[in-house]
Amino acid sequence: MLLELRMAVLEANLELNRRGVVLYTWGNVSGIDRARGLMAIKPSGVDYDAMTIDDIVVVDLDNKVAWGERKPSSDTRTHTALYRAFPDIGGVAHTHSTNAVAWAQARRAIPCLGTTQADYCWGEVPCTAPLPPDEVRRDYETATGDAIIRRFQGLDPAAVPMVLVAGHGPFAWGKGPDEAVRNAVILEEAARMATLTVTIAGPQPQPLEDYVLDYHYERKHGPNAWYGQARG
């Protein structure tokens, strides 16, 4: 079932490992087939070095396993919540990368301090509010997705393809699993740069000017984007 999607999801999970943003069995990547309403995701607790195509699990958007013998990731319900809320995304990646987690543990958004972050995120990387105890007890993973969705009220998930979950860590998404991983890796590097900046400039550094932010984001992602080579 969904062999091509499962292959893409396997490769995306292995790329997380290659890029050094996960350890052991931490983190996960998923991808979705919108036409069929099915999601492929990393299995729970399987080491990246041992993972194969047959380990990738297929679930529906109600979190029921449609294919596979492994248990799906423990974060499955967070992924499906995001797919239901953000209909234009095609892949989700979650890591516990060091610098991004540090900002999440500090309950702080990552301010846009320079053009590197502006190239991929239109402004700060937002941070959710902490989860209340009743939501944790009822359904922690779905509540995590709901916290992200609440934080994105008034935000465009295509323009801000990354978030920090307070006390937990980063999630990122994209048009497919590969782009979700790229955004997760970029998020970790932006967090590292921000961490270094606050050690130099203090806890409230000057954010990037809005007009520079807009210029850098628009040149890659705007309706008349001109970065890179012409396509055709």
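1. Start with M39, which sits in strand β2 (residues 38-41); strands here are DSSP runs of E of at least two residues, helices are runs of H or I of at least four, and both are numbered from the N terminus. M39 is buried, at a relative accessible area of 0% (buried is under 20%, exposed over 50%, partly exposed in between, with a 1.4 Å probe and protein chains only).

2. A word on the model: it is predicted, local features need pLDDT of at least 70, side-chain atom pairs count only at pLDDT 80 or more, and totals for chains, interfaces and linings use all residues. Residues are numbered from 1 along each chain as its sequence is written, and side-chain values use heavy atoms, with hydrogens and water left out.

3. What does M39 touch, leaving aside neighbours within four places in sequence? Its contacts (heavy atoms within 4.5 Å) include I32, V58, H79 and Y83. W122 is 83 residues from M39 along the chain, and their C-alpha atoms are 27 Å apart.

4. Now the helix pair. The axes of α1 (residues 3-18) and α6 (residues 177-201) come within 9 Å and cross at roughly 15°; axes are lines fitted to C-alpha atoms over the stretch in contact, with angles from 0 to 180 degrees between N-to-C directions. A8, V9, A12, E15 and L16 of α1 meet P177, D178, V181 and A184 of α6.

5. L164 is worth a look too. Skipping residues up to four places away in sequence, L164 touches, among others, W103, I110, V125 and L187.
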